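Hello,

Here is the structure for you to look over. My notes follow below.

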Amino acid sequence: MEKSLPFSNLYSHPGKPLEQHLRNVADLMEYFLKEKPELIKNELLPIVRIIGFCHDLGKATKSFQKYLFADEREKNKLKTQHSLFSAICAYYLVKGLNLENELLPLFAYIAVRRHHGDLIDVMDEVTNFDENKDAETLLKQTEDIDDLAFNILMERLLVYGFPVKLEKGTIKKWIKNFHQELKTLKKILRRTSEIKNYIILNLLYSLLIDADKTDAVIGNFESLRRKDFEDRDLVKSYLKILNPKQTFINQLRQKAFKEVDIQAPNLNNKFYSINLPTGLGKTLIGFSYALKLKNKLENTNNIKPRIIYSLPFLSIIDQNAKLLEKVFRANSVEPTSDLLLKHHHLSDIYYKTTDEEYEGDLAKAFIEGWNSEIIVTTFVQLFHTLLSNKNNTLRKFHKLANSIIILDEIQTIPIKYWGITRAILKAVSELLNSYLIMMTATEPMIIEKDKIISLVNTKSYYSNLNRVNIISNVRKKFTLLKLKEELKEKIVKSRQTMLFIFNTISSAREFYNLLNDLPVCKSYLSTHIVPKERLRRIEEIRKGKYKVVVSTQLVEAGVDVDFDIVIRDIAPFDSIVQSAGRCNRNAKDKIGIVKVYKLVDDKEKLYATRIYDPVLIEITEKLLSKKNLFDESEIYKLLDEYYRLVLDRMSQDKSEDIFQAVLKLKYDREGNDELSIADFKLIEDDYPKIDVFIEYDKEAKKVWEEFQKIKQIKNFFERKNEFLKIRKDFYLYIVSIPIFIEHLPPKIDNTYYVPISQLKEYYDLETGYKVEPEIAIW
């Protein structure tokens with residue numbers, strides 16, 4: 001039947017027939033939906049094909065077809081709007097199904113209306129339609145469609161499963177009546193307030209934009225097929241090959257691994273916790289249990305879950321991804337990108353399967369769609385997929401369904417967001433059948449304890465450990481100079497290695513410079529050092545090259561470094577515990593020392609309160625003022641007390657406001673003071689920043705020259721694709737600095753740039769960007 005039908009001569013993209021694109025997107029949406037939980041799948045199955053078929057119907061206009069094949073100058077004069085026309089068709093066709101959920105036609109409309117942009121406040125969506133201006137434009141678009149071409153398009157879509165043969169007269173009636181429909185919907189929205197609406201709308205929007213981008217860029221179903229691999233005993237086999245020495249700490253690691261491993265997953269429980277002191281191998285323990293849970297879901301419920309391993313810091317993403325690669329290779333499994341994917345904003349734009357290698361836009365489409373069995377990613381990527389209005393982040397929202405999510409170092413989630421984190425994780429677990437494994441050394445009270453299955457007896461591990469003593473010096477204030485005088489003798493004469501962790505870049509840099517007159521091998525870490533050099537230094541620190549390291553909190557969680565003594569500026573107590581994890585990790589004979597000081601600037605103001613909530617510092621000071629010395633076995637009890645005090649005193653107002661926005665589907669706020677979903681920011685800048693490219697070495701110079709060549713490419717898509725090839729190398733030389741400093745570097749083509757010839761003026765090779773630079777005399 002299909003072969004006998006003529007071609008409509010309508011296109012969605014240059015060289016791609018419109019009917020083929022609409023069919024492919026409908027097929028892909030259905031294909032993606034079939035992996036979702038039964039209840040959601042059954043509810044949405046009748047409408048996803050309609051959404052896919054309708055999403056680009058508006059491209060059938062003569063104006064859009066001219067636009068597709070016009071040259072760059074002509075394109076600016078032509079009208080290309082097509083989403084509103086397509087969305088109205090989707091709305092009425094879904095409404096015609098008479099489904100129980102009366103908001104589904106609206107959700108279909110919104111998904112199509114916004115599939116080229118971001119989601120907006122749904123109340124604005126039903127209010128902003130102009131019954132005169134918008135209706136007039138839509139009627140003109142209808143008239144601009146060639147009758148014969150549209151008739152052929154409809155005939156073809158009917159063969160593919162489109163529910164009715166649309167006619168222009170029907171569409172005109174819909175357009176004229178749409179304003180009245182929106183009035184009714186507004187009333188329904190005002191009386192509706194449940195989180196399920198947020199999950200369903202996000203899911204439909206995500207299915208559409210992923211299917212649309214996948215077909216437009218990848219266009220190949222075969223490349224999306226899920227990868228099978230033998231999973232059950234991967235970590236056990238790796239550990240057997242590794243055969244670690246039987247030290248005390250390794251025996252504890254083995255005990256913890258076995259304690260978790262013997263527990264069979266209960267599929268009725270969605271939340272699990274692995275709460276262990278730092279250095280006891282949570283990465284492998286958690287990954288092994290996720291594989292075990294995956295295996296049971298496959299065999300019991302015929303579900304094939306992805307594993308999403310999420311971490312807070314870029315510095316530990318590479319570290320953990322490399323460890324998982326070792327696990328696979330030890331089992332003779334090649335960790336290709338469709339098996340193990342690393343995704344963050346600095347990831348290589350490169351994607352490899354057993355048979356193919358992809359770069360540029362193709363690789364980007366695979367990566368950003370999370371087309372892999374195991375995804376190692378950041379908290380920012382994960383939580384801005386859960387809570388966002390952005391097209392590019394919500395694309396992968398549907399991949400959370402039937403997944404196993406590992407949240408490593410969950411205590412780093414800001415306390416003000418605990419409430420909304422709890423609500424959204426519960427919703428995803430219940431409605432999308434996601435399982436969560438939370439790993440931490442500190443067990444924050446984000447999820448209620450009666451909702452979590454604890455996989456280890458945490459208290460027993462803390463009571464068995466005596467690696468460090470925390471010594472409190474918080475009863476009096478110390479300046480940086482006074483701190484140096486206090487510790488000078490130990491720095492110079494002791495053989496013990498020392499790590500200093502400061503709360504601000506300025507205090508870390510100042511203290512490091514104070515040590516310049518001491519004969520000691522030292523190194524410095526902060527985000528004002530170009531990432532390439534920072535990674536090199538971390539590797540040297542791991543190898544024990546330096547006796548003294550001065551750093552900001554970037555070493556605090558997950559970075560695998562080990563020192564005899566850690567000196568920490570006062571911080572929230574859970575941060576201090578994380579810092580203690582950098583001290584005597586492997587339980588050497590001598591007990592490690594963690595000293596906590598209350599550091600102040602020249603005006604007697606705490607550095608700590610510049611970046612932390614004063615309430616958290618006050619609670620920590622109260623705990624640490626009880627006595628002068630705490631051993632490691634006391635940490636568990638102190639953490640419990642700390643979190644109880646935090647819950648009692650810290651406001652959850654922002655969480656509650658964003659939760660209300662979720663219930664109201666208030667994705668953004670235009671001219672409105674109420675918080676919206678778009679106001680959720682996991683990492684909030686304490687001050688405005690700009691990115692600066694530092695021409696740090698010869699390789700940086702080559703990267704900059706390549707960047708300049710790319711900027712000359714006139715075609716936007718070609719220019720973007722070429723930049724993707726150098727993006728990772730480019731960002732190895734980017735530092736973020738305060739925008740308010742007096743002496744900014746030159747700006748070349750909208751990019752701040754420090755040429756190698758001016759490096760000394762703007763950048764110190766030891767401490768990084770000079771926030772207070774020496775101004776050159778020309």
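**A buried arginine**

R582 sits in the loop between α24 (573-580) and β17 (592-599). Helices (H or I, at least four residues) and strands (E, at least two) are DSSP runs, numbered from the N terminus. This is a predicted model: local features need pLDDT of at least 70, side-chain atom pairs count only at pLDDT 80 or more, and totals for chains, interfaces and linings use all residues. Residues are numbered from 1 along each chain as its sequence is written, and side-chain values use heavy atoms, without hydrogens and water.

A polar atom of the R582 side chain lies 3.5 Å from the backbone oxygen of V555.

**Aromatic pairs**

The structure holds 42 aromatic pairs (Phe, Tyr and Trp rings, the six-membered one for Trp, with centres within 6.5 Å). The ring centres of F287 and F328 are 6.3 Å apart and the planes are at 70°, so this pair is edge-to-face (over 60 degrees). F287 is in helix α14 (residues 282-301) and F328 in helix α15 (residues 314-330), 41 residues apart. Both F287 and F328 are buried.

F500 and F502 are stacked (planes under 30 degrees apart), at 6.4 Å centre to centre and 10° between the planes. Both F500 and F502 are buried. One aromatic cluster consists of F693, W704, F707, F723, F730, Y731, Y733 and Y753.

Best wishes

Definitions and conventions:
A polar contact is a pair of N or O atoms within 3.5 Å; within protein, one must be able to donate a hydrogen and the other to accept it, and residues adjacent in sequence count only if both atoms are side-chain atoms. Buried means under 20% relative accessible area, exposed over 50%, partly exposed in between (1.4 Å probe, protein chains only).
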